[in-house]
Amino acid sequence: MNMTYTNSQIAKMYNDIQAIKKYKFKANTAFTIIKNAKVLKNAIELFDEARRNLLETYAEKDEAGNAKIENGNYVISNKEEFAKEFISLQNAEQDIVFSKIKLSDISEIEIEAELMETMSEFIEE
């Protein structure tokens, strides 16, 4: 089933699923979690590409026309406009299709409630 999430939500879920992967699950459950992690990774890569394009667009340019980078950070020419665009990008939505896990398959696992919130997106009872 398709679900729609903002890029900010996807980033949080991706970070959470990295922590979830550290728990010990049965093989089928672990496989499903890894599949879901890859779905989130693909969504993050799309977001990251758009973020890099935004940085390049708003970055000051050097004499050669390349984006100026100081101390590992882009030098942004119009910070206010960039911030508006970046917030818009964070709030942009993507459709995600998760593979489902049965709640009974993870009933033995002791997991933090915060991580369980993310897992609830792909758990069926």
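Biologist: Where does Thr 6 lie?
Modeller: Thr 6 is in strand β1, which covers residues 2-6. Keep in mind that this is a predicted model.

Biologist: Okay, and is Thr 6 buried or exposed?
Modeller: Thr 6 counts as buried, because its relative accessibility is 17% and the cut-off for buried is under 20%.

Biologist: What does Thr 6 touch, not counting residues up to four places away in sequence?
Modeller: Thr 6 touches Gln 90, Asn 91, Ala 92 and Glu 93.

Biologist: New topic: how many residues does the largest nonpolar core have?
Modeller: That core has 19 residues. Ile 10, Ile 33, Phe 98, Met 119 and Phe 122 have the most contacts inside it.

Biologist: Which elements give two or more residues to this core?
Modeller: Those are α1 (7-20), α2 and α4 (113-119). Helix α2 gives the most, with five residues.

Biologist: And what does Ile 33 touch, leaving out residues up to four places away in sequence?
Modeller: Quite a list: Ile 17, Ile 20, Lys 21, Phe 25, Ile 101, Met 119 and Phe 122.

Biologist: Which residues does the second core include?
Modeller: The second core is separate and has seven residues, among them Phe 47, Leu 55, Tyr 58 and Ile 76.

Biologist: Back to α2, then. What about Asn 36, buried or exposed?
Modeller: Asn 36 lies in helix α2, residues 27-58. Asn 36 counts as buried because its relative accessibility is 0%.

Biologist: So which residues is Asn 36 in contact with, leaving aside neighbours within four places in sequence?
Modeller: Asn 36 is in contact with Ile 17, Phe 98, Ser 99 and Phe 122.

Technical notes. Residues numbered from 1 in each chain as written. Predicted model: local features only at pLDDT ≥ 70, side-chain atom pairs only at ≥ 80, totals over all residues. Heavy atoms only, no water. Helix = DSSP H or I, 4+ residues; strand = E, 2+ residues; numbered from the N terminus. Buried < 20%, exposed > 50% of the residue type's maximum accessible area, 1.4 Å probe, protein only. Contact = heavy atoms within 4.5 Å. Core = buried A, V, L, I, M, F, W, Y, C linked by side-chain atoms within 4.5 Å.
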